[in-house]
Amino acid sequence: MTDSLPVPGAPGVEVVLRRSVRARRMSLRVGRSDGRVTLSMPRAMSLAEAQAFVAQQAGWIARHVAAAPAPRGIAVGGTVPLLGRDVPVVAGAGRSARWTGDAIAVADDSRAGPRVKVLLQTMARTHLTEAVARHAEALGRHPVKMTLRDTRSRWGSCSSRRELMFSWRLIMAPPEVLDYVAAHEVAHLAHMDHSARFWAQVAALMPDYAPRRAWLRREGAALHAVDFGGK
């Protein structure tokens with residue numbers, strides 16, 4: 001069957017079709033970070049029905065695709081978000097990228113993006129480890145494990161086993177935003193929900209968390225749009 005469908009009136013925009021045995025109706029999704037459009041649909045539904053649905057929703061699709069941030073590549077001569085500001089990526093020696101305090105130095109070749117990514121992941125672990133330890137000490141409860149991933153649907157999580165997970169892309173956000181996500185997940189060590197008691201605990205750890213949370217909701221998609229290339 002056709003893997004994608006064009007969107008009428010939106011040149012270059014394609015809707016990727018995903019048939020699912022669990023889907024009971026058609027459901028559209030536009031990725032906030034890349035503008036990728038997917039249509040989940042029941043396995044038995046016809047292609048003609050999908051085409052009609054896409055045509056009906058063409059205006060909605062076009063608006064949401066236009067709102068998605070443009071992909072941003074990483075290369076020597078450009079910039080990369082780090083700790084809330086754009087820092088220059090400059091030519092450097094060696095096999096690894098290096099943070100100089102003012103810029104990221106990296107060899108000017110096809111592996112520049114992946115090398116910068118590794119550096120940012122290392123810096124994210126350092127900053128998140130410090131933030132988690134500080135908030136856990138204040139709470140009096142400590143996680144058993146912390147992992148970093150490149151998640152799209154959430155910036156952090158806390159499991160019932162007291163294991164914390166964070167997106168390493170938080171290192172690109174302002175330090176106070178990274179700190180908020182650390183406090184948020186540490187608060188889950190006391191309350192595994194989003195009840196009033198949970199939010200009171202977040203406020204106890206970080207009284208001014210609201211603008212930090214708002215920044216992430218407003219600007220977070222742009223962090224996901226940064227493309228480091230490679231695997």
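User: How many helices and strands are there in the protein chain?
Analyst: The model is predicted, so local features need pLDDT of at least 70 and side-chain atom pairs count only at pLDDT 80 or more, while totals for chains, interfaces and linings use all residues. Residues are numbered from 1 along each chain as its sequence is written, and side-chain values use heavy atoms, with hydrogens and water left out. Helices (H or I, at least four residues) and strands (E, at least two) are DSSP runs, numbered from the N terminus. The protein chain has 6 helices and 13 strands.

User: What percentage of the residues in the protein chain is buried?
Analyst: Buried means under 20% relative accessible area, exposed over 50%, and partly exposed in between (1.4 Å probe, protein chains only). Of the 231 residues in the protein chain, the buried share is 44%.

User: Is His188 buried or exposed?
Analyst: His188 sits in the loop between helix 4 (175-187) and helix 5 (196-205). Its relative accessibility is 7%. Because of that value, His188 counts as buried.

User: Is helix 4 oblique or roughly perpendicular to helix 5?
Analyst: Axes are lines fitted to C-alpha atoms, for helices over the stretch in contact, and angles run from 0 to 180 degrees between N-to-C directions. Angles under 35 degrees count as roughly parallel, over 145 as roughly antiparallel, 65 to 115 as roughly perpendicular and the rest as oblique. Helix 4 and helix 5 pack at about 135 degrees, with axes 9 Å apart. Helix 4 is therefore, relative to helix 5, oblique.

User: How many nonpolar, polar and charged residues has the contact of helix 4 with helix 5?
Analyst: Helix 4 contributes Tyr180, Ala183, His184, Val186 and Ala187, and helix 5 contributes Phe198, Trp199, Gln201, Val202 and Leu205. Ala, Val, Leu, Ile, Met, Phe, Trp, Tyr, Cys and Pro count as nonpolar, Asp, Glu, Lys and Arg as charged, and the others, Gly among them, as polar. By class, the contact of helix 4 with helix 5 has 8 nonpolar, 2 polar and no charged residues.

User: How many charged residues are in the contact of helix 4 with helix 6?
Analyst: Helix 4 and helix 6 (residues 209-224) pack at about 105 degrees, their axes 9 Å apart, which means that helix 4 is roughly perpendicular to helix 6. The contact involves Glu176, Val177, Asp179, Tyr180 and Val181 of helix 4 and Tyr209, Arg212, Arg213, Trp215 and Leu216 of helix 6. These residues divide into 6 nonpolar and no polar, and the number charged is 4.

User: What is the C-alpha to C-alpha distance between Gly35 and His64?
Analyst: Gly35 is in the loop between strand 3 (27-30) and strand 4 (37-42), and counts as buried because its relative accessibility is 12%. Not counting residues up to four places away in sequence, Gly35 touches Val30, Val65 and Ala68. Gly35 and His64 are 29 residues apart in sequence, and in space their C-alpha distance is 7.3 Å.

Definitions and conventions: Contact means heavy atoms within 4.5 Å.
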